[in-house]
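Here is a short tour of a predicted model, written to be read with the structure open beside you.

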Amino acid sequence: MKRYRKHFNNSFQRAISPDARSFYRRFYEILISADPRIKDLFAKTDMDRQITMLMQSMTHIMTFSATLEPSDEIEKIAVAHGKNQLNITAEFYDIWLDSMIKTVDEIDPKFEGHIETSWRVLMAPGIEYMKSFCKK
Ligand code: HEM
């Protein structure tokens, strides 16, 4: 049976253990090398701080998938990425998710098709919520 929340939770645990920071560090390497425009966006960023911020915000994304009610934290992050602020485009969100899938493929030894689907399904509500601020 395709139980995507269970598959996602198990894969996420494998991906972040024993060292969560190395998963996120590799994710940012892949994201930044995916597109020169994204490399430019992070040119002056303190990546150690950025990794910490993303580790925390992944929890907000997962909670949003469970509740479909945006927390104050996820709303703030979405506004900060949105129109007239960071101006992150829908295309960049797609590259972001593809980069995360590539990272899981590298790091989760049990990665396969249904694991990829479970990450895409679980991330989709948060990504769609964030994307809705591209136009606001
Ligand atoms: C679900 C997707 C995403 C989440 C959860 C997320 C999360 C975050 C968080 C928590 C911060 C730190 C905010 C702060 O400093 O207070 C941040 C900053 C940032 N994000 Fe995202 N982000 C996402 C998608 C993206 C995408 C798609 C891009 C562009 C490709 C992007 C580019 C940036 C940039 C440029 C910053 C500012 C870095 C700096 O301070 O120099 N983010 N993001």
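Helix H4 has 21 residues, and from its first C-alpha to its last it reaches 30 Å. That is close to the 30 Å expected at 1.5 Å a residue. Remember that everything here comes from a predicted model.

What happens to the backbone just after H4? There, Leu68 takes a positive phi of about 55°. Leu68 is found in the loop between H4 and H5, and its phi is a positive value in a residue other than glycine. Most residues other than glycine have a negative phi, and most peptide bonds are trans. The peptide bond from Ser17 to Pro18 is cis, with omega near 10°. Pro18 lies in a loop too, the one between helix H1 (4–16) and helix H2 (20–34).

Now to the way the helices pack. Two packed helices are described by the angle between their axes and the distance between the axes.

| Helix pair | Angle between axes | Distance between axes |
|---|---|---|
| H4 and H5 | roughly 110° | within 9 Å |
| H5 and H7 | about 50° | 9 Å |
| H6 and H7 | about 155° | 11 Å |

Take H4 and H5 to begin with. Their axes cross at roughly 110°, so H4 and H5 are roughly perpendicular to each other. H4 passes H5 in a left-handed crossing. On the H4 side, Ser57, His60, Ile61 and Phe64 meet Glu73, Ile74 and Ile77 in H5. The residues of this contact divide into four nonpolar, two polar and one charged.

H5 also packs against H7, at an angle of about 50°, and H5 and H7 are therefore oblique to each other. The contact is made by Ile74, Ala78 and His81 of H5, together with Gly126, Tyr129 and Met130 of H7. Four of the residues in this contact of H5 with H7 are nonpolar, two are polar and none is charged. Ile74 is listed in the contact with H4 and again in the contact with H7.

How do H6 and H7 run relative to each other? With an angle of about 155° between them, H6 is roughly antiparallel to H7. H6 passes H7 in a right-handed crossing. H6 brings Ala90, Tyr93, Leu97, Met100, Ile101 and Val104 to the contact, while H7 brings Ile115, Glu116, Trp119, Arg120, Met123, Ile127, Met130 and Lys131. By class, the residues of the contact of H6 with H7 divide into 11 nonpolar, no polar and three charged. Met130 of H7 takes part in this contact as well as in the contact with H5.

Which residues are closest to the ligand? They are Thr45, Met53, Ser57, Phe92 and Trp96, out of 21 residues that surround the ligand. Two or more residues of the shell come from each of helix H3 (36–41), helix H4 (47–67), helix H5 (72–81), helix H6 (90–107) and helix H7 (113–131). H4 gives the most, with five residues. By class, the shell around the ligand has 15 nonpolar, five polar and one charged residues.

Technical notes: Residues numbered from 1 in each chain as written. Predicted model: local features only at pLDDT ≥ 70, side-chain atom pairs only at ≥ 80, totals over all residues. Near = placed C-beta within 6 Å. Helix = DSSP H or I, 4+ residues; strand = E, 2+ residues; numbered from the N terminus. Nonpolar A, V, L, I, M, F, W, Y, C, P; charged D, E, K, R; others polar. Axes fitted to C-alpha atoms, helices over the stretch in contact; angles between N-to-C directions. Parallel < 35°, antiparallel > 145°, perpendicular 65-115°, else oblique. Left-handed = near helix turned anticlockwise from the far one by under 90°. Contact = placed C-beta atoms within 7 Å. Expected span 1.5 Å × (residues − 1).
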